[in-house]
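Me: I have a structure open and would like to know what stands behind the words used to describe it. Please take the terms one at a time.

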Amino acid sequence: MARPATRRRGGTSSRPAGSSAARGESIARRIADDTWMLPRARRDGGASRGPLALAAITDTMLVQFLRAPTFMGGIVPSSSVLARAMSRQAAGFDAVVELGAGTGSVTRRLVADHPRAALTVIEREPRLARLLARGFSHARVHDGCVHDCVDALLGQPSRTVAVSSLPFRSLPDDVAEATVDALERFLLADPARRLVQYSYGLREPFAFRDRRLCWRRVERVWRNVPPAIVWTAGRSAR
């Protein structure tokens with residue numbers, strides 16, 4: 001089955017000038033233009049928070065939300081408390097694949113907690129992917145949607161955990177379906193594999209089509225905006 005096409009931004013936009021997406025692009029450009037005078041960003045534990053404030057601010061969650069709101073879960077990065085909660089579920093694995101790394105708030109925690117695990121990062125937004133590649137030079141960073149990088153996901157060792165910040169409730173239907181299909185293939189390939197995902201509601205992040213896979217709620221994180229629930233998924237013990 002052919003993968004659904006995902007539209008890339010580049011050159012002159014084909015969106016109507018009055019659309020909300022076009023207005024978002026205009027606001028995003030103004031935010032970027034107003035940040036040239038900011039000082040250089042700090043570094044934390046050897047992982048770069050961004051080479052320059054200009055690049056860091058231009059590629060904030062707010063700017064990316066304005067450019068593509070359906071692909072972003074919110075306008076602020078995950079809190080350090082949520083990042084730690086997700087990272088705890090990645091303990092003991094040989095490899096970690098982070099999906100939708102964004103500005104790297106969860107990535108930094110994963111690197112700090114699991115320095116020996118091989119790290120692969122998949123980030124749809126090219127600007128953020130470039131910053132992540134610069135800041136985490138030891139990681140393999142892929143630019144694209146998960147279903148566009150499925151080989152990077154499926155070609156992992158047996159004991160691999162996928163740590164996801166993807167906003168499944170707001171993704172376009174075709175992208176969500178293709179992503180769930182890739183994740184099911186990843187989990188069914190080996191019973192040792194796991195998926196870590198958070199949600200802002202009480203419902204499971206998304207429904208698996210294969211009944212051999214199931215969710216388990218592991219932790220509620222109140223100190224996040226908004227409060228979140230951390231889930232893990234894998235093959236059912238039944």
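Reply: This is a predicted model. Start with a pair of helices: α4 passes α5 in a right-handed crossing.

Me: Which residues make the contact between α4 and α5?

Reply: From α4 come A83, R84, M86 and S87, and from α5 come S105, V106, R109, L110 and D113. Sorted by class, the contact of α4 with α5 has 4 nonpolar, 2 polar and 3 charged residues.

Me: Which residues of α4 are buried, and what do they pack against?

Reply: V81, L82, A83, A85, M86 and S87 are the buried ones in α4. The buried residues of α4 pack against helix α5 and against strands β6 (160-164), β7 (194-199), β8 (213-221) and β9 (228-235).

Me: What makes T107 buried?

Reply: T107 sits in helix α5. The relative accessible area of T107 is 0%, and buried means under 20%, so T107 is buried. Not counting residues up to four places away in sequence, T107 touches E98, A101, L119, V121, L132 and F136.

Me: Why is R159 called partly exposed?

Reply: R159 has a relative accessible area of 35%.

Me: Where is R159 found, and which residues is R159 in contact with?

Reply: R159 lies in the loop between α7 (150-154) and β6. Leaving aside neighbours within four places in sequence, R159 is in contact with G92, F93, D94, A95 and A192. R159 and R193 are 34 residues apart in sequence, while their C-alpha atoms are 5.5 Å apart in space.

Me: How many helices and strands are there in the protein, and what share of its residues is buried?

Reply: The protein has 8 helices and 9 strands. Of its 238 residues, 49% are buried. The accessible surface comes to about 12700 Å², and carbon and sulfur atoms account for 52% of that.

Me: What share of the contacts joins residues at least 24 apart?

Reply: Taking contacts between residues at least 6 apart in sequence, 63% join residues at least 24 apart.

Definitions and conventions
Residues are numbered from 1 along each chain as its sequence is written. This is a predicted model: local features need pLDDT of at least 70, side-chain atom pairs count only at pLDDT 80 or more; totals for chains, interfaces and linings use all residues. Side-chain values use heavy atoms; hydrogens and water are left out. Helices (H or I, at least four residues) and strands (E, at least two) are DSSP runs, numbered from the N terminus. Buried means under 20% relative accessible area, exposed over 50%, partly exposed in between (1.4 Å probe, protein chains only). Contact means heavy atoms within 4.5 Å. Accessible areas come from the Shrake-Rupley method with a 1.4 Å probe; for residues, only the protein chains shown count as cover. A crossing is left-handed if the near helix is turned anticlockwise from the far one by less than a right angle, and right-handed if clockwise. Ala, Val, Leu, Ile, Met, Phe, Trp, Tyr, Cys and Pro count as nonpolar, Asp, Glu, Lys and Arg as charged, and the others, Gly among them, as polar.
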